[in-house]
Amino acid sequence: MNTIVCVKQVLDPEIPPAKFKIDPETKQVIPPPGVPPVISVYDERAIEAACRLKDKHKGKITAISMGAEKAADVIKHAIAMGADDGFVLQDAAFENLDSFGTAYVLAKAIQKIGEYDLVLCGRQAADWGAGEVGSILAEILGIPVVTFACDIQAADTTLRVKRLVSDGFEVLEAPMPCLITVSSEIGLPRLPAGPRLMMARKKVIPVWKAQDIGAEPAKLDKANAHTEVTALSVPTRKTECEIIAGATPEEAAANLAMKLSKLI
Amino acid sequence: MTLGLNGYSDGGQTMDNHKGVLVCGEIADGKLAPVTIELIGLGRKLADELGEQSSVLLMGSKAGGLAQEAIAYGADNVYVAEDSLLDHYNSDAYTQIAANLCRQVLPSIMLLGHTDIGLDLAPRLNGRLGGGLAMDCIALAIDPATKLLASTRPVFGGNAHATMVSKSARPQMATIRPKTVPPAACDASRQGQVIPVEGKVDPAAIKVKVVERIKEQAEGVKLEDAEVVVSGGRGIGGSQNFAMLRDLASVLGGAVGASRPACDEGWVPARLQVGQSGKSVSPKLYIAVGLSGAMAHLAGCLGSQVIVAINKDKDANIFSVAHFGVVGDYKQILPALTAKLKELKSA
Amino acid sequence: MSPVSATYWGIPGTIIFWVLFAIAFGVFLRRSYFLYRLLRLGKPERRSDRIGQRAIFMLSVVSSQWCALKTVGFTDLAGLGHALMFWGFGFFLIGYVIIFGVSGGLGLSLPPAFEALYRSILDIAALFVIAGVIVAVIKRYIVKPKRLEREESLKEKMIMALLFTTMIVLMALHYGTEALKYAAYHISPSPIIGGLLANSLTSAGLSPATLSAAYTAFWWINYVMLLGALVYAPHSEHLHPLFSPANIFFRPLGPKGALEPVPAEETENFGVSKLQDFTWKQLLDLYSCTWCGRCHAACPAQLSGKSLSPREIILNLKEHLLEEGPGLLNGKAEASSKLIGDVVAEDALWACTTCGACVEACAVKVEHVRRIMDLRRNLVLTQNKMPETAQLMLRNMQSRGHPWAGIQSLRLRGDWTDGLDVKVLADGDTADTLFWVGCTGALVERNVKATISMTRVLKTAGVDFAVLGEAETCCGDPARRAGYEFQFQMMAEQNIETFKSHNIKEIVTSCPHCYNTLKNEYPQYGGDFNVVHYTQFIGKLIAQGKLKLANGLNSRVTYHDPCYLGRYNGVYQEPRQILQSIPQTNLVEMARTRNKAFCCGGGGGHMWIEEQSGTTKINQMRLDDALKTGAEQVVTACPYCLQMFEEGIEHKGIKGALKVQDLAEIVEAAMQPSESKGAA
């Protein structure tokens, strides 16, 4: 089974909300110093899903990431978990692309890679969180798409996918090739095994530019963007929290109970 | 393999020939879904601001019977696709029907609920039609100068709000969570057109088939409807400890929720997840236990009337949004709280 | 007169003597060689450095019986009993060579005066042996202390019974044979006790012929028994008399707290999953175990009810080696039972806090902790199996550079410096002295207080130091102790580069785990810095007069020795000296203190890896130790210990009764005049 996994390197979502800063002029987030970027949490699950399929069915996993040169770290992370190789898609023209632009770039890269049975993405990016790129990518590639997968099993030419819905699950059968977006309910991703960690660290990850993948400048032109961000702001939330105290935790709890019983 | 199949367009078509609002409606248990009623109201409002028409697409064998009701809520046109293959959501089928309709009707704005269906359908439609999509919007407005739809949505786990527009790509699409906008007012005297959708679902277009549906029975009150929610986070530390939250919830007649880390750990089922990648709740009382209050979680519960926080760390972000708080170990606080509430209840 | 000079059924006694000896010795050698070959199943390991030092240590420790005597306490006199047995038997071994070998086999007659003297020594030595055996029997069968609590197999029971019986019988034979000899042949001078016994035999009225015949018989029985013991020794599983001196000789000479890196040649199977993955020294440990169970009785995991017993791991592995060894030597590919799983349980491996109490308690220098770490490495690096709590922590180490998953939503690494006048190193800056804060001291609220206290102390003393602020990443200790070796290596190399880029010479740290890793393990990767723990640093500042601790503490305090500072690095005195230099401080010791201190439960990754459910929490047990002293405050010098005590106090609901403080906080309070408290 040949699988391609799309992964994104994002600002670490785990920072104190008070430290979250933006520049309203450039409409960018200002990362707090000293906090390294991380792999988007759902993309890590997508790699895990790919590795589980490879454990059972052998095959090849290729990881691709559109981002800065440091995005090589997430490719290495993917390789340490079990991917065979990967590429970083980095070009000035790729910066600040919208969902359509991103999907287009990924599609051209996948076209360059060649044959595949399955494309895996996280259900949404941990930063902008739109949850669109996977489906748009599937439409561009002309393959079926299943979203919010929490389990994927392969059999001959089809995949049996368990999908999350608000009151339970659906089980679907999808033909290959197809695209699946993965949700965190698939379970915890594996710890990169010892030897792979060192091997991945030493690997040099190739960088593909716009011309390497044959991306048309018109499609990357910001003037042709499908959506653009016109404003970015941090909502101010000011609530005065009344801390309910007590000599012991139990006493504080009793005081809270009294307070609440008046409300409900 | 060539790109550009299935109508993927590069967004370069003219937007002048796109007019009006189209709401992609949902039918639940043979009735219009509450979120659809809300969206019809919103669609009406946006269409009025633009001076254009508002339409609704209903899919499924019950669609025809609900058309009048949709008109009463504010639709000028109701497009009805009465096909039993559309009775249960199927991604390929719904995308096919909705996309074809859009290519005929050419709406300027398209609205969907941020629901199981909308989360899957909206991005696919967007990909197929080449429009511009904003997911999980908290506010929609027409810019008076440009007449463009400005969609505001939470990003970075809710730490920031981004406003997006589509200058040229059409349709301008948005998904909105249930209970974000008020339901439409019903006016039975309203008039409108009921138009059957041309073309049936092409079975060959259905590549992905639903084989099974597994409903998880929620014990007690449903999370989305509960008046009281007791929610646990990473600080709970294990699945057996959630029993304390269940006890408190049952005394208060409420439901149990959880943050994503607690669900990812497997301490509670995924459907209890409250937050940006889970459910939105707006109960009277929301008690956050062992929850740091990461914005991604708060995105799901800030609509609550009263938020109470119980956390060991006084610096936890939850205290900046809570109305009441107790700093301490929930293992000692919760049982005492439950006991006292029980006592006061019986008094 | 000598029994050997007679002829038996036509065969000269000398021939019989030497033939028997040859057979016995041959069997002894053959079996010993087999045991040696089993050791060769293990991987090579260099333990032959500093041979002179090793030899002197081994000879002095074994002959003085310090190995046994160090275990003696008011309630545990078994070590004394062993010393008596050992010395007694030592004289006997020489005696046997003289009496049976020289005078018997070689037929050389000994000067009577010399013989009487040496036999007198043996008479006393025999009393030692008998006394030792009595102590051992009382301990093992009547007192039955915790360390000897064991489900012994019938084989083991028989071995011990045989051992005790043989020793008593040999002593009896000594007296008997001696008495008969001196009674039969009226030799003068006679040995002290032997002579008295001989007199009573003579007075009993036995004829010289009877006495002489009895003497000959006793002599041969004694000889045969001796040979039997020689043959039996390597065949029984009670191998420590033969191998433990070698184990002491080959003891580890490096720093106690350092684990070895995974050898660079290893590419597939990491750590230990089968016998052949152990080194020969680790297999030698298995022979050398004396079955005393002191490791078992010192282990905090065991004492709190976990399934881990260091003794059982060693003894089960020994049995595994003896059972499977022959097959493996013959070329069998795999043992029939799995090492991890059948012989040693996985959850036992994860229960270890690496406190080192087992290694400290062991008389013969068995290395338990290293073994457990090797098995963990296999689980994590090769099998990818670990408790979920461990995995969560290790994934966070990998992606965020620290073990505290989730804490970043509360505060960031560099936040503790906010509002403080502390020099934070930027790219290109240099500093001689670096204050290395550690992950816990920077990220966990309670511990940040101690960090801030420390900076205030350093500033008041006028120390010119810098911190790395947000550029600090984990020293790597939690990863290494959880078996995730390659992550550790990456972090170590990264940190060493950072230190070198700032030209750091000296590193002062608050955390004993960081201290141990930076000092003892970073040299493995080229990082050689002068690493000091803050208790040593503050001690020096006080001695230099740069810090005056004038404010009285007015409190009864007890000091808890962190395992990684005390047992691992021998820093016991410095923290106590600091406390005692503060006026009005009443320092009391817990029952288990210094090198016998009981772990707080936080090491070996256990700040994050959950303890086995349904068992007592280790920190609760240590808290009880502190409460028993009647102290109002517990003082410690480790962030994990601080967390563990705080959690224990909270859980027990005794916040008002007992306070836990980091030594830095105590020093800060003591150094400032009461009016200007709080100045940064």
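**Entry 1: strands across two chains**

Two strands pair if DSSP finds at least two bridges between them. Helices (H or I, at least four residues) and strands (E, at least two) are DSSP runs, numbered from the N terminus. With that in hand, I looked up strand 15 of chain A and found that it pairs with strand 18 (residues 324-327) of chain B in the parallel sense, over 2 bridges. A:Glu242 stands opposite B:Phe324 in strand 18 of chain B.

A note to myself before going on: this is a predicted model, in which local features need pLDDT of at least 70 and side-chain atom pairs count only at pLDDT 80 or more, while totals for chains, interfaces and linings use all residues. Residues are numbered from 1 along each chain as its sequence is written, and chains are lettered from A and ligands numbered from 1 in the order in which they are written.

**Entry 2: chain A as a whole**

I counted the elements of chain A next, and there are 8 helices and 15 strands. Its C-alpha atoms fill a box of roughly 65 × 45 × 35 Å, taken along the principal axes. A residue is buried if 20 or more other C-beta atoms lie within 10 Å of its own, exposed if 12 or fewer, and partly exposed in between, with C-beta atoms placed from the backbone. By that rule, 55% of the 264 residues of chain A count as buried.

Then I turned to contacts: two residues are in contact if their C-beta atoms, placed from the backbone, lie within 7 Å. Among the contacts in chain A with a separation of 6 or more, 69% come from residues 24 or more positions apart.

**Entry 3: where chain A meets its partners**

I started with chain B, where 71 residues of chain A are in contact with 78 residues of chain B. Several elements of chain A give two or more residues to this side, including helix 3 (99-113), strand 9 (145-155) and helix 8 (249-263). Helix 8 of chain A gives the largest share, 11 residues. I sorted the residues on this side of chain A by type: 41 are nonpolar, 17 polar and 13 charged. For this sorting, Ala, Val, Leu, Ile, Met, Phe, Trp, Tyr, Cys and Pro count as nonpolar, Asp, Glu, Lys and Arg as charged, and the others, Gly among them, as polar.

Is A:Glu14 buried or exposed? A:Glu14 is buried, with 24 other C-beta atoms within 10 Å. Not counting residues up to four places away in sequence, A:Glu14 touches C:Gln408 and C:Ser409.

**Entry 4: a helix in chain B**

After helix 5 of chain B comes B:Gly253, whose phi is positive, near 70°.

**Entry 5: parallel strands in chain C**

Strand 3 (residues 433-436) and strand 5 (residues 506-509) of chain C pair in the parallel sense over 4 bridges. Here I saw C:Leu434 opposite C:Ile507. Strand 5 of chain C also runs parallel to strand 6 (residues 530-533) of chain C, joined by 4 bridges. The bridge partner of C:Thr509 in strand 6 is C:His533.

**Entry 6: a buried loop residue in chain C**

Last, I looked for C:Asn569 and found its place in the loop between strand 7 (555-559) and helix 25 (573-580) of chain C. C:Asn569 is buried, with 20 other C-beta atoms within 10 Å. Leaving aside neighbours within four places in sequence, C:Asn569 is in contact with C:Gly257, C:Tyr515, C:Asn516 and C:Tyr564.
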